[in-house]
Structure formats: C-alpha cells, structure tokens
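I opened the model today to look up a few things. My notes follow in the order I made them.

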Amino acid sequence: MTKWVYTFGDGAAEGRSGDRNLLGGKGANLAEMCSLGLPVPPGFTITTEACNFFYANGNSHPGELKAQVKAALAEVGKIAGKRFGDPENLLLVSVRSGARASMPGMMDTVLNLGLNDVTVEALAKESGDARFAYDSFRRFIQMYCNVVLGLDHENFEEILEDEKARLGYELDTEFSAKDWQGVIALYKAKVEEELGKPFPQDPDEQLWGAIGGVFSSWMNARAITYRRLHDIPQNWGTAVNVQAMVFGNMGETSATGVAFTRNPSTGEKALYGEFLVNAQGEDVVAGIRTPQNITEKARIAAGSDRPSLQKLMPAAFSDFTKICERLEKHYRDMQDLEFTIERGKLWMLQTRSGKRTAKAALKVAVDMANEGLISQKEAVARIDPASLDQLLHPTIDPKAERNVIGMGLPASPGAATGEIVFSSAEAEDAKKAGRKVILVRVETSPEDIHGMHAAEGILTTRGGMTSHAAVVARGMGKPCVSGAGTLRVDYRQGTLVAMGNTLKKGEIVTIDGGTGQVLKGSVAMLQPELSGDFAAIMEWADKARRMKVRTNAETPADARMARSFGAEGIGLCRTEHMFFDGDRIVAMREMILADNEKGRRAALDKLLPMQRSDFVELFEIMAGLPVTIRLLDPPLHEFLPKTEKEFEEVAAVLKVPAEKLRQRTEALHEFNPMLGHRGCRLAISYPEIAEMQARAIFQAAVEAAEKTGNPVVPEVMVPLVGLKTELDFVKARIDAVAQAVMQETGKTIDYLSGTMIELPRAAIRAGVIAESAEFFSFGTNDLTQTTFGISRDDASMFLESYRQKGIVEQDPFVSIDVDGVGALVQMAAEKGRATRPGIKLGICGEHGGDPASIHFCETVGLDYVSCSPFRVPIARLAAAQAAVGKK
C-alpha cells in the first residue's frame with residue numbers, strides 16, 4: 001500500500017529535511033524541526049505524489065488517502081489532547097501548501113478549519129474570549145470561500161469595509177464579539193446569494209474541500225507564472241500540510257510574525273523581521289496593520305515608537321533568538337521563519353532557506369565561509385550565477401511606482417530610461433546632442449549596430465531571446481526587451497501604441513530588461529555595486545573551475561569591459577560588426593558593387609588598414625591571451641540599403657546610379673539567407689575577402705607583439721563549414737597569406753586555423769574535418785537552428801506555447817538542447833579528439849553564458865566557454881559550480 005501521509009509532532013516525525021521531493025519544503029522542514037525537539041504544532045503532510053495522482057485522475061484522491069488522513073488526524077488530536085470536530089474538546093487545523101521549491105505566496109492556505117456555528121461557541125467558551133472566537137470564524141469563512149468555493153476576497157472585504165464605516169471603526173481590532181457575529185451573518189448571506197447553498201458546517205467536508213483547494217492552487221495562474229519564471233517543473237506538484245492551529249490572535253499576550261536570521265537585502269548578520277500583536281499570519285503580509293520590529297536595534301533604526309518583540313515579550317523573544325541560531329547552524333544557511341506566540345508560548349510554523357538579493361547572497365556566503373559554517377566551495381555553490389546580473393546593471397528601484405504599458409521578453413538585463421527614437425540615425429544624433437534614448441524598432445538588423453550602441457536600451461516588437469537585438473544588446477551590456485508583441489510601431493507616423501497610449505518620438509519610456517516590462521515615463525533606478533564579497537566569490541570560483549572563460553567581443557570597449565570582468569581571451573570576434581561604421585560601410589558597399597575581382601580588391605585595400613587597426617587594439621588589450629577571429633559570416637546583402645530613400649542616399653555617396661545599386665541588391669536577394677551564400681561559401685566565391693582579413697590579422701599580430709612584448713597567437717576561424725574540402729580551400733588562402741606576411745616582416749607568426757561547428761554535417765564529419773582544423777568552436781546558435789530547423793528570430797512566436805504545453809522544457813536557444821544539439825556537440829568533440837588529441841574545443845554561441853549549458857560543456861570536457869562581456873562573471877561562477885559538481 002502506498003504511503004500518502006506522514007505525521008509529525010511531540011518530538012517525533014516520519015519524515016526528515018531530505019524528503020523535500022516527497023513532502024515539499026515546508027513538510028520536510030516541519031518534520032525536521034519536530035525531530036530537533038523544537039516547539040512545532042503537531043500535524044501531517046500529504047505527499048506531492050498525491051497531488052500528481054489528483055491531476056492524473058480527474059481531480060480525485062487515491063483510495064487509501066481517506067483512511068490515512070483519518071488516522072493521522074486522530075494522532076494529531078492525541079498529541080494535542082483534542083479531537084477534530086468535537087465541540088467538547090475542539091481541535092482546529094490549518095491547511096497549507098508546500099512545494100519542494102519555495103513559492104512564497106503563490107499557493108493557498110486555509111486557517112481555523114473546523115469552525116462552524118456550534119464549534120465557534122465552544123472555542124469562545126474554551127478560550128474565554130468570544131471576540132477572538134468570532135474573529136477566527138469570520139477569517140475562516142473568508143479564506144475557505146476564496147480557496148475552496150471560488151468567491152473572491154473582495155466580496156468579503158467590501159462587507160467588512162461597509163461595517164467599519166457604519167460602526168465608525170478604523171481597525172479590525174476595534175470589532176467586538178457582537179460586531180463580528182454581525183459580520184459573519186452578512187458573510188454567510190453573501191455565500192448563499194452567490195452560490196445558492198449555505199456555507200458548509202461539516203468539519204470533514206471542510207477538510208477535504210481545503211485539501212482539494214490547496215492541490216488545485218498548484219495550477220492557479222500566479223503559481224503557473226511563478227513556475228515558468230523560475231523553471232520549476234509542473235510535475236513536481238505540491239504537498240498539503242495539515243497542522244493543529246495555534247493562535248496569535250488570542251489577545252495582547254499573543255502575536256504572529258515572520259523573520260530572517262540575516263538581512264535578506266544586505267546579508268548583514270542581524271535578525272530581521274516583523275510581527276503583530278493579536279493577529280494571524282496573513283495580517284503581517286496583507287498590510288492591514290503596520291507590523292512592529294522584532295529587535296530593539298531595528299526599531300530604533302526605523303524610528304518607530306511601537307514596542308519591539310524584544311521589549312514586549314522578552315521570554316518569547318529569547319526563545320526565538322536561540323531557535324534562530326540553532327536552525328541557521330543546523331541548515332548551514334540563512335533561514336526564513338514563521339512563528340506564532342499563543343498566550344506567551346512560542347510555536348514554530350515554518351523554516352526554509354531565505355530568498356535574498358544577489359548582494360545579500362554574496363555577503364551571506366562569504367561570511368558563512370569565513371565563520372567556518374561552510375567551505376569556500378560550498379560558498380561558490382550557494383550563489384545563483386544568473387543573479388549576478390543584478391550586480392552588473394542598473395535596476396529599477398523596488399520602491400518605484402511602475403506604470404506598465406507593455407510586456408515583452410527579458411532579453412538583456414538591466415533597466416534604462418530615455419526618449420523614444422525609431423531609427424539608428426536618430427539615436428546617434430540624440431547621443432551627440434547629449435540626450436538619452438531608447439531605440440524602438442519592429443526588429444533590428446546588423447545595420448542598427450551604431451544606433452544600438454548610441455541608445456541606452458533597445459525595445460523591439462518582434463524577435464526572441466536570441467534574436468539579433470537580444471544577442472547584440474547582451475554583448476554591449478545594454479538593456480533590451482524583445483518580442484513585445486502587444487506594442488505597435490508606426491515608423492511613418494513616428495508613434496508607439498501601447499495599451500491605448502499613443503507615444504510619439506521624444507516621449508520618455510523605461511524598459512526593464514530583467515522582467516520584460518515596458519513602462520511609461522522615467523522611473524527611479526538603483527546603480528550597480530560590486531563589493532569585496534563579489535571579488536572573494538570570484539577568486540574562490542577561479543580556484544575551483546577547470547574551463548577557461550573567454551568573451552565575445554569586437555570593439556575595444558567590449559574587450560576592456562570583458563577583461564575587467566576576468567575574461568581570459570576572446571572566443572568570438574565577429575568581424576562583420578566592424579564594417580558598419582562610417583567610411584567602412586562605404587568601402588564595403590564599393591566592394592560588393594564591384595564588377596570584377598580587381599574592383600573588389602581595390603575596395604578591400606581601403607578596408608585593410610581599418611581591419612588591421614581594429615585587430616591591433618584587440619590584441620593589445622588581450623595582452624597575449626588567445627583571440628579567435630571569425631572571418632566574414634553574413635550574406636553580402638545585409639550591407640546594402642533596404643528602402644528607396646536609402647538607395648538614393650547610398651547611390652549619391654558611392655557616385656553610382658541608384659538603379660545599379662537596386663539591381664545588385666536584387667541579385668543578392670535570397671529566400672533563406674540563413675542557409676544561403678554566407679560563411680565559408682563567401683570566402684570560396686570571393687577568396688580576396690578572406691585574404692584581406694587574414695592579412696589584417698597577421699599584420700596586426702606582428703605589430704601588437706612588437707608594441708606589447710607579448711607573443712600574439714591569433715586563432716583564425718572559418719564559419720559555416722560542412723565539408724572538409726571547404727575548410728581546406730579557405731585554409732590554403734589563410735596559410736598563403738601568413739607565409740607572405742612572415743616574408744614581408746621577417747617575423748615568425750604562430751597561429752591556429754579552425755572552424756565553427758554550426759551544421760549537423762560538420763558535427764557528424766568532425767573526425768575528418770579535424771584533419772585540417774586545429775580547433776573547433778561550437779556555434780550553438782546556428783547549430784540549434786539547423787538541428788531543429790527553426791529560425792531563432794521567428795521561434796518566439798511558438799516556443800513559449802511549446803513550453804506551456806509541456807512539449808519542450810526550455811527554449812533551446814536559451815539553454816542548450818542536451819539530447820539533440822548537445823549530442824552533436826559531444827559527438828563532434830569525441831570525433832575531433834580521436835583525430836587530433838590536442839584539438840582546442842570551445843563554445844561561442846549564446847549558450848556560453850547560460851549556467852545550465854555551461855554545466856553541459858563541463859561534462860563534455862570543452863576547454864573554454866565564450867560569452868558576452870557582462871556574462872563573464874556568470875560564466876566563471878557557473879564553470880566553477882560545474883567543476884565542483886562533477887567531482
């Protein structure tokens with residue numbers, strides 16, 4: 001027979017803290033506290049497996065559950081010296097949720113269960129406080145109706161507010177027993193009016209209604225959203241905890257509160273929390289009354305004139321502080337606690353690892369390591385790598401009011417405020433004039449690089465987490481919200497329409513790249529701070545990790561930023577981004593328009609010194625660290641104008657007929673450019689392009705080595721190779737240029753030639769390709785596209801629907817698809833090493849900055865990951881956690 005119910009109470013428990021998958025976090029920790037001999041009201045936990053059964057069987061319960069609950073309830077009554085439903089010796093219970101992952105406030109709770117018209121009188125008599133009894137009953141009706149019967153809180157809040165006004169009261173605490181009886185009568189009448197039947201009086205019916213209600217809350221809208229945001233699987237389910245009631249609303253010697261063993265905002269080692277006298281738990285978080293500080297120190301700091309728990313109930317406070325210290329040492333982590341004091345006696349209702357800001361997480365981890373509570377490796381493992389984004393970018397002040405007018409994808413972290421502009425040229429002009437702007441586009445293209453660089457942030461109405469806008473913004477460290485499909489951009493009218501608001505060019509908006517929100521107007525910001533705790537964690541992480549961490553960078557600013565964050569080289573320099581500025585785009589377009597090789601070479605000669613100076617600066621910044629430079633990748637039409645106005649302007653600059661420009665653009669048009677004439681295919685069609693780039697690389701290597709005294713070993717990467725013969729063709733040109741530069745300069749140049757593995761065929765034939773390639777860099781952005789047959793720019797239209805319907809667990813462009821794309825990476829790595837044992841292996845797609853993907857890279861044994869500059873600290877930490885986890 002399956003065991004669905006686990007009891008705890010009186011210093012004994014059937015579960016322990018390690019049973020969180022089965023009992024949920026709350027149930028497992030209640031059992032653990034009970035086993036430690038702490039004052040915990042007796043109760044029992046219905047397992048998460050029962051929740052999964054509930055959903056798999058049409059919202060019905062397992063056959064054995066009823067008998068197990070009945071037996072457990074009798075055991076609770078025995079420990080408490082009371083009996084459920086017995087007016088002569090009344091046991092009331094709370095029914096609470098509790099998933100294995102903390103989901104604060106997302107699911108439902110019912111308190112005071114077991115009260116009815118008869119038992120409320122028994123409670124009044126037993127407690128000697130009729131006001132308390134009827135207050136408890138009205139709370140129960142309100143909660144039960146909301147959680148189980150589907151009546152909104154507002155129905156009852158409206159009645160309560162009307163009665164307050166009628167009686168001339170300010171606070172709930174002013175109600176007498178008789179007043180509460182009147183409110184209860186109105187509540188029950190409302191139930192009958194709305195539902196056509198009376199409020200249930202049978203305690204057993206109430207109990208099973210509440211158990212079903214808590215299970216049902218696992219699938220409420222806020223819980224579903226929370227799980228999606230925090231990657232919590234739906235099939236984990238929630239447990240249900242049924243526990244003997246203890247009352248914080250039994251008068252002036254009773255109270256309820258929540259506390260953290262350390263400050264969750266700063267990490268300071270000081271008890272942090274609030275409580276209310278003569279209240280129940282939901283009052284503290286509901287904001288009905290202003291809570292009081294737990295410690296005198298906190299009261300003084302807050303300037304409050306209301307007494308602290310330390311002063312008001314010193315004995316209970318003393319017991320509580322001892323329990324806090326004991327639980328923190330036991331769990332070896334900061335604890336989030338709930339407690340109730342019933343007529344002077346302290347009861348513990350919950351403990352769990354407390355949620356905290358990134359800043360607090362660093363301080364708590366470093367302090368606990370220095371206190372000897374945890375090791376340095378454990379401290380490193382405690383930090384969520386993704387949370388470091390909070391420390392590296394400006395964020396919206398949590399206290400600020402948000403006027404949300406749209407929602408998109410949180411494509412690049414941080415927040416930014418600025419005037420709306422609709423073109424990159426406008427963004428550049430505004431920047432020169434000293435004005436801050438948000439670049440608003442339907443979607444961005446490589447031509448928008450200069451505008452994106454000039455803007456404070458980027459907002460697009462199309463595209464996903466790995467769209468052009470998202471990838472480039474992350475590389476620049478700019479906030480970006482992409483795929484905000486509810487917004488409408490009208491370039492001709494110069495308007496942005498959002499939720500009925502029509503905003504014009506020049507009006508102020510704020511974007512939050514951490515949440516995907518678009519807000520009207522300017523909003524207060526918090527500037528990033530990097531503390532000594534950050535440096536300590538990074539130092540400990542670097543000791544623990546095996547993989548190197550490089551950056552994706554092609555501008556000196558990005559390269560310097562990445563170095564300041566600890567990058568150990570450049571894993572991807574996208575040379576095409578260097579061709580969009582000023583004179584360069586003119587020379588590039590001259591090359592594309594040239595009728596023959598001689599004309600192309602003449603234009604390329606203009607680009608050569610520009611490319612060389614770019615590479616010299618990057619080599620100097622990296623000071624001997626490896627730099628991987630990808631030869632030109634995108635199709636040539638991306639460098640040509642798109643609109644009639646642009647055709648006229650470009651034709652005038654190039655001194656060619658606009659029609660010739662238009663014809664060339666049409667000739668280069670492709671139906672599917674992602675799989676078209678790009679990458680190594682360009683270098684084969686136009687070898688002179690690759691030769692110019694190779695010459696710029698090798699000349700720069702010689703010049704930078706002379707300037708810095710550090711040897712430069714460039715890594716020249718050929719993109720989109722699917723055939724060894726393709727690589728051989730391009731590599732022959734690279735080698736010939738290298739020999740020529742060595743003869744011209746009299747210097748020996750060490751360099752590596754390799755390829756990007758971004759096609760399934762390249763992964764399958766990696767053993768053969770490794771005969772020529774000295775390194776592989778896995779371009780998992782394109783490898784994901786070509787493996788799935790999905791365009792990353794269009795995938796956002798349906799991938800979220802896939803996630804919600806359980807078809808995929810995660811967007812494969814955000815976190816690597818281990819079973820498919822990952823299998824190709826592993827195969828290519830193994831085949832490459834079999835042919836060339838010392839082959840260098842890395843990853844340079846967006847996955848290089850994703851913690852889960854970095855863990856995968858560690859299991860495959862890659863030598864490095866490469867990511868955008870602002871994700872370098874995240875990658876360093878994730879690589880350390882992966883290495884520690886592997887051991």
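I started with charges over rings. The charged end of arginine 550 sits over the ring of tyrosine 864, and I noted 3.8 Å to the ring centre. I then turned to lysine 3, which lies over the face of tyrosine 6 at 4.9 Å from the ring centre. I keep in mind that this is a predicted model.

Next I looked up ring pairs. The structure holds 18 aromatic pairs. I picked out one cluster, in which ring pairs link Phe54, Tyr55 and Phe215.

Then I went to a helix pair. I wanted two values, since two packed helices are described by the angle between their axes and the distance between the axes. For H4 (residues 119–127) and H5 (residues 130–149) the packing angle is about 145 degrees, and the axes are 7 Å apart. I noted the crossing of H4 and H5 as right-handed.

Which residues make the contact? From H4 I listed Val120, Glu121, Leu123, Ala124 and Ser127. From H5 I listed Ala130, Phe132, Ala133, Tyr134, Ser136 and Phe137. I sorted the contact residues of H4 with H5 into eight nonpolar, two polar and one charged.

Last, I checked the whole protein. I found 35 helices and 34 strands. The radius of gyration is 32 Å, close to the 29 Å that the globule rule gives for 887 residues, so the protein is as compact as a globular protein of that length. I also took the box along the principal axes: the C-alpha atoms fill roughly 105 × 60 × 55 Å.

Notes. Residues numbered from 1 in each chain as written. Predicted model: local features only at pLDDT ≥ 70, side-chain atom pairs only at ≥ 80, totals over all residues. Heavy atoms only, no water. Axes fitted to C-alpha atoms, helices over the stretch in contact; angles between N-to-C directions. Helix = DSSP H or I, 4+ residues; strand = E, 2+ residues; numbered from the N terminus. Left-handed = near helix turned anticlockwise from the far one by under 90°. Contact = heavy atoms within 4.5 Å. Nonpolar A, V, L, I, M, F, W, Y, C, P; charged D, E, K, R; others polar. Phe/Tyr/Trp six-rings, centres within 6.5 Å; stacked < 30°, edge-to-face > 60°. Lys NZ or Arg CZ within 6 Å of the ring centre and 35° of its normal. Rg over C-alpha atoms; globule rule 2.2 N^0.38 Å.
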